[in-house]
There are 2 protein chains.
Amino acid sequence: MYRTNTCGELNISNVGQTVTLAGWVQRSRDLGGMTFIDLRDRYGITQLAFNMETNADLCQQARRLGREFVVQASGKVIERSSKNSKIPTGEIEIEVTELVVLNAAKTPPFTIEDLSDGGDDLRMKYRYLDLRRNPVRRNLELRHRMAMLVRNYLSNLDFLEIETPMLIKSTPEGARDFVVPSRMNPGEFYALPQSPQQYKQLLMVAGMDRYFQIVRCFRDEDLRADRQPEFTQIDCEMSFVEQEDVLQTFEGLAKHLFKEVKNLDFEQFPRITWHEAMRRFGSDKPDVRFGMEFVELNDVAKGHGFGLFDNAELVVGICAPGCAEYTRKQLDALTDFVKRPQVGAGGLVYVKCNADGSFKSSVDKFFSQDDLKAIAAKMEAKAGDLLLILCGPAMKTRVQLCALRLEMAQQLGLRDPNKFAPLWVVDFPLLEWDDETQRYYAMHHPFTAPKPEDEALLDQPDRWGDIRANAYDIVINGVEVGGGSIRIHDRTLQNKMFHTLGFSDEQAAAQFGFLMDAFTYGAPPHAGLAFGFDRLCSLFGGADSIRDFIAFPKNNSGRDVMSGSPSPIADAQLEELCISVKKNS
Amino acid sequence: MYRTNTCGELNISNVGQTVTLAGWVQRSRDLGGMTFIDLRDRYGITQLAFNMETNADLCQQARRLGREFVVQASGKVIERSSKNSKIPTGEIEIEVTELVVLNAAKTPPFTIEDLSDGGDDLRMKYRYLDLRRNPVRRNLELRHRMAMLVRNYLSNLDFLEIETPMLIKSTPEGARDFVVPSRMNPGEFYALPQSPQQYKQLLMVAGMDRYFQIVRCFRDEDLRADRQPEFTQIDCEMSFVEQEDVLQTFEGLAKHLFKEVKNLDFEQFPRITWHEAMRRFGSDKPDVRFGMEFVELNDVAKGHGFGLFDNAELVVGICAPGCAEYTRKQLDALTDFVKRPQVGAGGLVYVKCNADGSFKSSVDKFFSQDDLKAIAAKMEAKAGDLLLILCGPAMKTRVQLCALRLEMAQQLGLRDPNKFAPLWVVDFPLLEWDDETQRYYAMHHPFTAPKPEDEALLDQPDRWGDIRANAYDIVINGVEVGGGSIRIHDRTLQNKMFHTLGFSDEQAAAQFGFLMDAFTYGAPPHAGLAFGFDRLCSLFGGADSIRDFIAFPKNNSGRDVMSGSPSPIADAQLEELCISVKKNS
């Protein structure tokens, strides 16, 4: 061992001991008679002291050490004259008597400090240096700790972690599959799993009863700012359970994580239906750390001669507390915000509830003070509040108002990353209409069971949109961190579902044949859930981006700029794989 | 929840309780007045009792249940009249009052019993049924348990589990890489990792200090009987350590597993050098559960006019205890065994040490009784033993004799799967000569450090074969379950190593450039080890094959016969990926 102790563990109780430390030179201070070096490792920082008077050679040697040199230093632990109360080792230093340079280092391209001067691109290119920084390292430590907590919690509940294959069957509709040519089977391909969905259902058919896996998944799609081509799920499945059992089990897991990581206790998580979530928040993943719930205003807003309201399917608003003093400029900015193509509203109506009890609105022409008072009353606004109102087709308008609600919360500092508001969203629609292809798609996936009381609607195509699924999401702070459903375990119902989704028997067999076969040999009722682990970690870490909770992430083009992947491969290798690359015209 | 209890937990203390169970029909016995059904789930079997007299309808219903039907049964726990002491629930049964068929089942294609009548192919095609069998399920339970033990043990030693990428850089020499075309980067490919070797070394450069990962790895090579294209490693790396630290750490892990899983205690594992292992056992993964060590016989075997011995580089034998009575037929079979192409010996010399003190050999023409006595004495043979002797070029002969030693141990029942003999093999050669390409290759990998005292030999090409590496394997029962090395952390030495291996600077940069770059920014001394987790599980499970310790394995052609992967993909998908499949001529 190159060391007797780490750089994070020595304190006043070790004074007098002779120790050897090893680590990186964080910084060096030359005070003439003395040279001090902060030696860093994963566990902390310890100060090394070199005295020009007692050992000039060694002190000179120390002065030549550059940032990030790797050194080994031996000496005696002594009490510091000038103590640093900010770090656990701050009361001591090492009076160095022996110094070995284990490795030199070029000057790093950015500072290895909590706040680095490195931009994103530079940090990613030199990710191995970026990972030396405390905040990034702490993210990975948190991730490790959360994975251990999850595994031990589920294992104690008799869940078995079972590894499912990474080289799986490619399916005809798997447009987002990464594929892998097989050398031994020329012209044939494996796919990388988008999730172990079918395998975990097979494990239930296999009687494994309770399965989980912290597992890598893959999706070859255009990457939004915070998606990765490979990501990690906490994937779970249980047999002989109903929705309530699943919710209780994984709410228990979430509470365990909150308690262990954040020392937070929660009562039962609130549950709202998908329809209620859309009505109250315009989102199936509402951020409920704050209020500003939607108030529907059709009864008080219509019939006053304001055409936009009168002709709209829905008039709906939020009450922004204490914002009546917003300036013209601020209000214009909000209008611009909702008119951005990403939001897509036609405009914004505001009503200021002035301190003196009067109202000022952008539609004063159509609404009397009493009219506005009625609106304010309906919205339970207080003097000093600002009402923000949108109108249009119901669902579209709700989604637009959701964006505005989140924007206002951001401006008001209500999206506190240290506050946590979990909830369940239940009763998702089973099917989702797609205007473009003019057909219904499964909102979750084709194995999701309809609510038994809605099953009969499968025979009424005009009611398909009304069918509710036994599907649920767990949402924390406006982020969907997990979701799942009761699965269909009855083959007849599954076939009906496939037909509803427009699959021919052949297509269904080609895509899901072996799972359907398995279901004929005694499939138990089962259900499951998967958490997005990268996202869960970033949420617990109080960060917006998942990237810094992944050791070696890829950028928005799916590139690892550090290693330079992906990259062309040799012709000989293509030859062996019996494939060739087509040049784009 | 579909049940109040599992099928494995009710016993005499529950008598009188009303319970609901759910599971699979294992078997059904119709005794006229009574029908009994064994209901099975992952946790056990509970007997359901139906009485024709008290509830004829229900009893009739029960009689119609087929094997593997999924049912839910409610009733009262009663004491059995005829108890079964072999199972924990054997003292009770359920007097069923309510029965629900949750799912019907077709008759399975093989019996779901401990000893199934299904052949390998059938079991693999219906793996989800095979997994219902106790022995297979227990293997996966063992695997889960071992993974938990490993993770908790290493985590308690401050190892962090850090996920490394699965989509990595393809390297020019990565002939065994699986590759993955990138849709977003046409003409470019990722590779799937054969191991996270470079990433774990980067994590050491990143200061992570102690890393582990239970991680999937991939190798696109022709599969021997017991290889899989995807396999799982316990991958580990540590900084600021010497070989002794690594050996102690992972010997600790192995002992922990032996204690927890097998309740076995071990003293320090024996250590032998690679050269000693080859000399004493003809293998770098010796099975030391039994003796029959090699005895070199040049001094007593040569000079008696037997040309094969006289002209051989090495005459070497083993003493098979108590085998002097082997028949002519048995001895011929042993000769045939060593002459098989897989072993490749020219012939076999035997010496029987008869009970009366006389000797009988296949070379009596050349050896007197005294000559044979001298050989027997050298081999410390006792009356009743059989000496088996091979000769030829030293290393080749040793490897042949190793095969014979293992075969004899098999015949003598000395390879007891319930006995465990771990050891370390150390001081592997750094380089391995390849006759075909007439050059040296790295025996482990190009990052393995030579022993410091042998480093100078890198400047003497004629001595390259003598350079010993700081590399070590952990071997249990003749199986290499893990291996690793001290890594080179000095760039100059690494460059010298690349040149020794015949890499040009350009080739080295293309293949390992980003790792080499990283090493210039302060790489700590580091070392690591990886266990083959599939193999480790099968060893602890007392089985020879890894296949039944993998939930969904592939066959020798890399095929999953259950799902039918790999398979052709749609032209549209090939188009999107900018690749085409070449027809083989």
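**View 1. Pro566(A) sits in the loop between α15 (533-540) and α16 (571-577) of chain A.** Helices (H or I, at least four residues) and strands (E, at least two) are DSSP runs, numbered from the N terminus. The bond that joins Ser565(A) to Pro566(A) is a cis peptide bond, with omega near 0°. Most peptide bonds are trans. This is a predicted model, in which local features need pLDDT of at least 70, side-chain atom pairs count only at pLDDT 80 or more, and totals for chains, interfaces and linings use all residues. Residues are numbered from 1 along each chain as its sequence is written, chains are lettered from A and ligands numbered from 1 in the order in which they are written, and side-chain values use heavy atoms, with hydrogens and water left out.

**View 2. A cis peptide bond links Ser565(B) and Pro566(B).** Its omega is about 0°. In chain B, Pro566(B) belongs to the loop between α15 (533-540) and α16 (571-577).

**View 3. Glu380(A) is not a glycine, yet has a positive phi of about 50°.** Most residues other than glycine have a negative phi. The loop that holds Glu380(A) runs between α11 (369-378) and β17 (386-392) of chain A. Glu380(A) counts as exposed because its relative accessibility is 68%. Exposed means over 50% relative accessible area, buried under 20%, and partly exposed in between (1.4 Å probe, protein chains only).

**View 4. Gln438(B), a residue other than glycine, has a positive phi near 55°.** Gln438(B) lies in chain B, in the loop between β19 (431-434) and β20 (439-442). With a relative accessible area of 51%, Gln438(B) is exposed.
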